[in-house]
Amino acid sequence: MWAVETLKPWHDFYLLVGTAGATLLALLFVAVSLGVGFLTDERRAGTRTFFSPVVLHFTSVFFVSAIALLPWHHGGSLAALVGVTAVIGTILSAWITIQVVRTEMTDYVEDYLAYGLLPCLAYLALLAAAVSIYLEKDFGLDALAGALLVLAIVSIRNAWDLTLTMARRQRRRD
């Protein structure tokens, strides 16, 4: 019951971060629907490289926040769910990092960091959090919160960047 008791003071944090993740994910869908002419077959690689990771990260923030709020789990079940999320996120973020560096769509170091490296590091922090939670170390809860904040903040930056890119390209077409 360590996880249930130690997560009680974190309730409002996970409620806030999870709600923000879900809301921002929904707003991203609205932004994409407004830029529907932007997402063409010719831009499929860009969509996979830049839009899909933002959806993954906001979904991860929502999912991990939601499972942190579940009253029934033990440290092992929480650690397992966070760990699986971390492994999937790390693998996908590493692949995305490679794609972002290889693409000719951006040559900004900020994009390499925000779309690739920082999310990868955040998922590695989630993995460290999962191990710490499994071992019932309080550090795990701090690492979990920090990783979710990094994912949320980087995804907000990336969603803004994508929205501006769609608006600029739409403006050039008109």
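User: Where in helix 5 does a kink lie, and by how many degrees?

Analyst: The kink lies at Leu117, shortly before the proline Pro119, and comes to about 35 degrees. The bend at a residue is the angle between axes fitted to the seven residues ending there and the seven starting there. This is a predicted model, in which local features need pLDDT of at least 70 and side-chain atom pairs pLDDT 80 or more, while totals for chains, interfaces and linings use all residues. Residues are numbered from 1 along each chain as its sequence is written, and side-chain values use heavy atoms, with hydrogens and water left out.

User: How do you know that the span of helix 5 is close to the expected one?

Analyst: Helix 5 covers residues 109–134, which is 26 residues. Just after helix 5, Glu136 takes a positive phi of about 60 degrees.

User: What makes up the secondary structure of the chain?

Analyst: It comes to six helices and zero strands. Helices (H or I, at least four residues) and strands (E, at least two) are DSSP runs, numbered from the N terminus. Read along the sequence, the pattern is α-α-α-α-α-α.

User: Why does Ala147 count as buried?

Analyst: Buried means under 20% relative accessible area, exposed over 50%, and partly exposed in between (1.4 Å probe, protein chains only). Ala147 has 2% relative accessibility, so it counts as buried. Its place is in helix 6. Of the 174 residues of the chain, 42% count as buried.

User: Which residues is Ala147 in contact with, leaving aside its neighbours within four places in sequence?

Analyst: Ala147 is in contact with Ala122, Ala125 and Leu126; contact means heavy atoms within 4.5 Å. The C-alpha atoms of Ala147 and Ala129 are separated by 8.6 Å, although these residues are 18 apart along the chain.

User: Which residues touch the most other members of the largest nonpolar core?

Analyst: A nonpolar core is a set of buried Ala, Val, Leu, Ile, Met, Phe, Trp, Tyr and Cys residues joined through side-chain atoms within 4.5 Å. The largest one has 27 residues, and Tyr14, Leu78, Val82, Leu126, Ile133, Leu144 and Leu148 touch the most other members. Helix 6 gives the most to this core, with eight residues. Not counting residues up to four places away in sequence, Leu148 touches several residues, including Tyr14, Val61 and Leu126.

User: Why is the pair of Trp10 and Tyr14 called tilted?

Analyst: Rings of Phe, Tyr and Trp (its six-membered ring) pair if their centres lie within 6.5 Å; planes under 30 degrees apart count as stacked, over 60 as edge-to-face and the rest as tilted. Trp10 and Tyr14 are 6.1 Å apart centre to centre, with 45 degrees between the planes, and form a tilted pair. At 22% relative accessibility, Trp10 counts as partly exposed, whereas Tyr14, at 1%, counts as buried.

User: What makes Phe13 and Tyr14 an edge-to-face pair?

Analyst: Their centres are 5.0 Å apart and their planes form an angle of 85 degrees, so the pair is edge-to-face. Ring pairs link Trp10, Phe13 and Tyr14 into a cluster.

Definitions and conventions:
The expected span of a helix is 1.5 Å times one less than its number of residues.
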